[in-house]
Amino acid sequence: MLSIIQKLDISNLLRFFVYMLIFFQPFNRFNSFREIGFYGLLLFFILKIFKDKAIRIDFRDKTIVALSLLAGWSILVSILGPYPLDSLNALRKNLLVQSLIFLVIIAEFKSCKELRTLFRIVAVSFAIVTLASIAENFLDLINLNINFNELQSKRTHRMFIAGYASNATFYLPFTAAWLTSLKKTPWEKWLGLITILLGFLTVFLYNSRAAIFIVPLAILIILFLSKKYRLLVTAVIIILTFCASTFFLSKSDTLSKYKSLSDLETFSKNERWLLWEGTLHIIKERPITGYGYGWKKIALIAKDSKFQEYWKQHHPYIYSYYAKDASSSYGRVNPHNLILQIVFEIGLIGLILFLWLWTTIILKILKTASVKGQSDGKTFALCSLGVLVSYALINIPNGYWQEAYGNMIFLFIASISVIHRQHAQRIED
């Protein structure tokens, strides 16, 4: 058995399974392939530990220290929380996968050049999802003879376009950063450009107010940071023309959601305020440690801890939101804000550790971008600030640090760590 392990090219196997796992992230289906990718990655990472006995990971690195403390604290509060089994299961499905992706990338990839294949897979996978989403929209409109409003209600059940707008807030800025920094073949340039253009169109058809604002803003920031000024001017003209036609020329009910962005009542009377207030009521009972990793149990806590009865008497609007339809069932209501979600799950201490983790990444980006001279890695690090802006903004009305979005964010964190390590080594040499 040991001789077989010694003959295996574990590095190539690890790369194969990480490529497989990352490729299937933006797809709503094909979970079995993601499971195969994860368990294959876990198996061969363990084998590599036994084979090499010393993996090249600097456990003194501040990002690794912060991630380790965050993971350790999440496990502790999950075990001690009121729903330990549910919390530990959520850890297995999310933080374990994310940590494994992070460790494999920083252990196996040594330079920006080695990351190119990984980035190419990220771009190709979302390009396929984009084309498939457009095809779904087109077929629904032609074959089913339905209007845009009816189409919007069907999207949550579609194979490719469900959740597209949220995923686009990561994939499209990431693709833009990839396009403006790393060396690419002509087909890669066309692939990235077409994906961004068609992706923006798909986000528009999705009728998502947050994404339609965040994606263009992030891409404009990336074009500015990469000094692509001609493209920046062209993009600004296109976006301004698009906004003018959307807000002032069209009378379609389909665009009413976008038009509402100019109305302050859209923000002051948004139902998310009720959800945030209700989440704060729940958090106040366990502000330091939270209720354990995973958000899906919040509806159960509201019911089991008698919050619904309290809201019914004193806050009927909050009660109507939490109790309406099936919102009181497991996994049907979400805090819809990353800060509130993290505090709900792992408390204020967990939030401090999470912010420390991102502080280490931002410092690595700034240090890499400040290195003298030009390089693909330096440009990508600088452009990645646009990805960070997109991630920060989408998490005001949402909470994305788990599931597929969370996996891609940890890929991003690992990639920045690899690029920073490469440039730090060059400076030392």
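Me: Why is Gln-98 called buried?

Reply: Good place to start! In this predicted model, Gln-98 has a relative accessible area of 0%. Buried means under 20%, so Gln-98 counts as buried.

Me: Where is Gln-98, and which residues does Gln-98 touch?

Reply: Gln-98 belongs to helix H6, residues 95–108. Leaving out residues up to four places away in sequence, Gln-98 touches Tyr-293, Trp-401, Gln-402, Glu-403, Gly-406, Asn-407 and Phe-410.

Me: Now for some helix pairs. What makes H9 and H20 roughly antiparallel?

Reply: Look at the angle. The axes of H9 (residues 164–179) and H20 (residues 376–394) cross at roughly 170° and come within 9 Å. Angles over 145 degrees count as roughly antiparallel, so that is the name for H9 and H20.

Me: Which residues make that contact, and how do they divide by class?

Reply: From H9 come Thr-169, Phe-170, Pro-173, Phe-174, Ala-177 and Trp-178, and from H20 come Phe-380, Cys-383, Val-387, Ser-390 and Ile-394. Nine of the residues are nonpolar, two are polar and none is charged.

Me: What meets what between H15 and H17?

Reply: Gly-278, His-281 and Ile-282 of H15 meet Phe-307, Tyr-310 and Trp-311 of H17. By class, this contact has four nonpolar, two polar and no charged residues.

Definitions and conventions. Residues are numbered from 1 along each chain as its sequence is written. This is a predicted model: local features need pLDDT of at least 70, side-chain atom pairs count only at pLDDT 80 or more; totals for chains, interfaces and linings use all residues. Side-chain values use heavy atoms; hydrogens and water are left out. Contact means heavy atoms within 4.5 Å. Helices (H or I, at least four residues) and strands (E, at least two) are DSSP runs, numbered from the N terminus. Ala, Val, Leu, Ile, Met, Phe, Trp, Tyr, Cys and Pro count as nonpolar, Asp, Glu, Lys and Arg as charged, and the others, Gly among them, as polar. Buried means under 20% relative accessible area, exposed over 50%, partly exposed in between (1.4 Å probe, protein chains only). Axes are lines fitted to C-alpha atoms, for helices over the stretch in contact, and angles run from 0 to 180 degrees between N-to-C directions. Angles under 35 degrees count as roughly parallel, over 145 as roughly antiparallel, 65 to 115 as roughly perpendicular and the rest as oblique.
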